[in-house]
Amino acid sequence: MTRRPLSARMAPELSRNRKRSRSEDGITTAEYAVGTAAGAGLAGLLYKMLSGGFGNELLTTLFDHVLGLLGIG
């Protein structure tokens, strides 16, 4: 019985793996795009919240609380 070289025996498996990796080539780019869009949306929401009256009240309360914990305020 003649044994085939390892590369010949592995050829079908390597071919299968290459097909799988080629079909997922754009996945990373799509994940970055979704992450960037989500980050931009969250930043916009935080900007709207903190630039209005709610944000001013929140920051003032937080600042007063920290000063109270430090014993300064």
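1. A residue counts as buried when its relative accessible area is under 20%. By that cut-off, 1% of the chain's 73 residues are buried. Bear in mind that this is a predicted model.

2. The fold is quick to describe. The chain has 3 helices and 0 strands. Along the sequence, the pattern reads α-α-α.

3. Look at the pairing of H2 with H3. Helix H2 covers residues 27–51, and helix H3 covers residues 53–70. Their axes lie 4 Å apart and meet at an angle of about 75°. Angles of 65 to 115 degrees count as roughly perpendicular, so H2 and H3 are roughly perpendicular to each other.

4. Which residues make this contact? H2 contributes Met 49, Leu 50 and Ser 51. From H3 come Gly 53, Phe 54, Gly 55, Asn 56 and Leu 58. By type, the contact of H2 with H3 has 4 nonpolar residues, 4 polar ones and no charged ones. Gly is counted among the polar residues here.

5. Now H3 by itself. Helix H3 has 18 residues. From its first C-alpha to its last, H3 reaches 26 Å, close to the 26 Å expected at 1.5 Å a residue.

6. What follows H3? Gly 71 does, and its phi is positive, near 80°.

Technical notes
Residues numbered from 1 in each chain as written. Predicted model: local features only at pLDDT ≥ 70, side-chain atom pairs only at ≥ 80, totals over all residues. Heavy atoms only, no water. Axes fitted to C-alpha atoms, helices over the stretch in contact; angles between N-to-C directions. Helix = DSSP H or I, 4+ residues; strand = E, 2+ residues; numbered from the N terminus. Parallel < 35°, antiparallel > 145°, perpendicular 65-115°, else oblique. Contact = heavy atoms within 4.5 Å. Buried < 20%, exposed > 50% of the residue type's maximum accessible area, 1.4 Å probe, protein only. Expected span 1.5 Å × (residues − 1).
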